[in-house]
Amino acid sequence: MIRKFPPISSKLPVLMHGADYNPDQWLHDPQVLAEDIRLMKLAGCNVMAIGIFAWAALEPEEGVFAFEWLDRVLDSFAANGIYAWLATPSGARPTWMSEKYPEVLRVAANRVRNLHGQRHNHCYTSPVYRDRTARINGALAERYGHHPAVIGWHISNEFGGDCHCDYCQDAFRAWLQQKYGSLEALNAAWWTSFWAHTYTSWSQVESPAPHGENAVHGHNLDWNRFVTDQTVAFCEHEIASVRSANPALPVTTNMHLIEMLDYRKFADCLDVISWDSYPMWHEGQDDSGLAASTAFYHDLFRSFKQKPFLLMESTPSQTNWQKVSKLKQPGMHRLSSLQAIAHGADSVQYFQWRKSRGSSEKFHGAVVDHAGHEHTRVFRDVAALGKTLGDISDIVGTTTPAEAAILFDWDNRWAVKDAQGPRNSGIHYERTVHQHHRALWELGVPVDVIGSQDIFAGYKLIVAPMLYLCTEETGRRLEAFVEGGGTLVTTYWSGIVNEHDLCHLGGFPGPLRRMLGIWAEEIEGLYDHDRNGLRLLPDNPLGLSGTFEAHEICEIVHTEGAEVLGVYTDSFYAGQPALTRNVFGTGQAYHMATRLKPDFLSAFYKSVVEQIGTARALDTELPQGVTAQIRTDGETTYVFVMNFSGEVQRVQLDGRSYTELETNAPVQGISLELAVNGVVLLKRPTKP
């Protein structure tokens, strides 16, 4: 059922627009705060994330709190209609703590303890760090939990990394004992009989190490799971330390593309999902590929709670930590920011408000440059976007009604990368997932990015690229989805291992074999220069014809009830199935036995979407590099038409009645002209 969610904060029931703000860096100059307030209002910024790395300013000595400067900032915000996500400062500890309590510093995988410095250089298991974090958080909550400017808690900053200290080793062993119950079960799950690595005592179990155990795949997988659980537990510890002062304040933590953490596990303890997006725009003339992968992550984070999320960080201009820091070309700030809104964000926020004068991010983009005034191109872009966000705040709380989903699990991601399988030179899991998602994005099909534990009902189409780690339960749930009328798309390297990274016996694709109607006998990795091909057979149900290039992976399959739609063109397995379809119950399951390029994926998904009637944002042909995305409250549908092609484009409308969202004026004509980096905002009645 389509519903409109209440605003994230009743104090600020509009689209949020703001930045990370670090007044603790400017305590020596009281005039900065007054000028910042003036500029925030001028830029149409209504919210700031404050205190993220301010622990040393808040507690300059152990047990000595200095809150007066934060009082002044928050009181000034309240007097000027500006609000704050108040951060817990655990992302970086003060030097006095590292000196007095060296146990708070992380131990690397090589078992060497780090020196003080950097961010997140601390142990989530350390009793001292947990205690000191709870103490500063509790003091902040008691003082500011009911402050009129505070709309919620920003828990820490971009959690990530692992620690291998003695506390963490003990916690890992306890986690394993709870999970497996006995050493016999652990040894069986990790297949430790290989290389005589059988454990005979829990004390022998340690975390993976570059100079020790690192080749037992079940071990590596469980370590990643443990690190996620331990980080989530620390996040929950922080939340508990601020909740009691005002349980009504929502909590979030800003996520990023951290390799080791399963961010889906954080969803249950957070009230709102937020993430930090930093695409490398303008690497080429055409930004559509990067736009599609960015859209994937917007869809991923929105799907965690199936409701609007926050874009907590982005850059209004450039970064300073990417290989090349390009400026955003004219129009790109508006386009990239509204892309987040189009995919479900209820905010556009930046790192950072005012550029740091020194240290590692002094050249990172900011709303206020070192020049210190509003007379810059970037400030004008931000202010113009602020006006747009103010004009379209009716969209707050609306949802994205997706009938298609991509299956993306961290367990699977970790296992694929650790598999030592057919292409150790790069099996390109994420790139493959992005390409399948992009084919739907190009069609303007709204997509959720779900996990194997999520609900499958309600989707017409589920795409599961490289579902290497597929449990028996996931297999049964996907069978039920297809049997009940759904369409499933799988690829090579699926149904290979179970939850312990142990190979399924009896033939691949394991739990998917009966539903797909195939047996995968062998899989071949191709060199980068190798090519094969897919030749489509005549009169196939997709209505497609011709030959398409295949590369990187070729799986040799035999049909067990599936219909062959296309065959290989080369090698000793030429003429054998490369694309199959199996009717199962009232649904159907397609299997791509080889990695195919975007030209085939575009044609394939266009045919599938048309045949099963998957909803699109616009029922029209979209030019290359142009996409359309929607949000709705059930009464009104909001359509974002976005041009990432690098060229002026014209889009035909689909005959329905549209008005421009910002001006509320009827759209004239049957087509739209989109400038380079252009975006047009439309609305229409949801029901004709």
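**Close-up views of a predicted model**

**View 1. Glutamate 549 forms a salt bridge with lysine 597, with 2.7 Å between the closest N and O atoms.** A salt bridge here is a side-chain nitrogen of Lys or Arg within 4 Å of a carboxyl oxygen of Asp or Glu. This is a predicted model, in which local features need pLDDT of at least 70 and side-chain atom pairs count only at pLDDT 80 or more, while totals for chains, interfaces and linings use all residues. Residues are numbered from 1 along each chain as its sequence is written, and side-chain values use heavy atoms, with hydrogens and water left out. Glutamate 549 belongs to strand S16 (residues 547-559) and lysine 597 to the loop between strand S20 (594-596) and helix H16 (598-612), 48 residues apart. Helices (H or I, at least four residues) and strands (E, at least two) are DSSP runs numbered from the N terminus. Glutamate 549 is partly exposed at 33% relative accessible area, and lysine 597 is partly exposed at 25%. Buried means under 20% relative accessible area, exposed over 50%, and partly exposed in between (1.4 Å probe, protein chains only).

**View 2. Arginine 264 and aspartate 454 form a salt bridge, their closest N and O atoms 3.9 Å apart.** Arginine 264 lies in the loop between S6 and S7, and aspartate 454 in the loop between strand S11 (447-450) and S12, so the pair ties together parts 190 residues apart in sequence. Arginine 264 is buried, at 16% relative accessible area, whereas aspartate 454 is partly exposed at 26%.

**View 3. Aspartate 381 and arginine 377 meet in a salt bridge (3.9 Å, N to O).** The two residues are 4 apart in helix H11 (residues 377-391), which means a separation of about one helical turn. Aspartate 381 is partly exposed at 25% relative accessibility, as is arginine 377 at 33%.

**View 4. Strand S13 (residues 487-491) is mostly covered, with 5 of its 5 residues buried.** Thr487, Val489 and Thr491 are buried on one side, and Leu488 and Thr490 on the other. Strand S12 (residues 461-464) pairs with S13 in the parallel sense over 4 bridges; two strands pair if DSSP finds at least two bridges between them. Valine 463 stands opposite valine 489 in S13. S13 is also joined by 5 bridges to strand S19 (residues 587-592), and these two run parallel. Threonine 491 stands opposite methionine 592 in S19.
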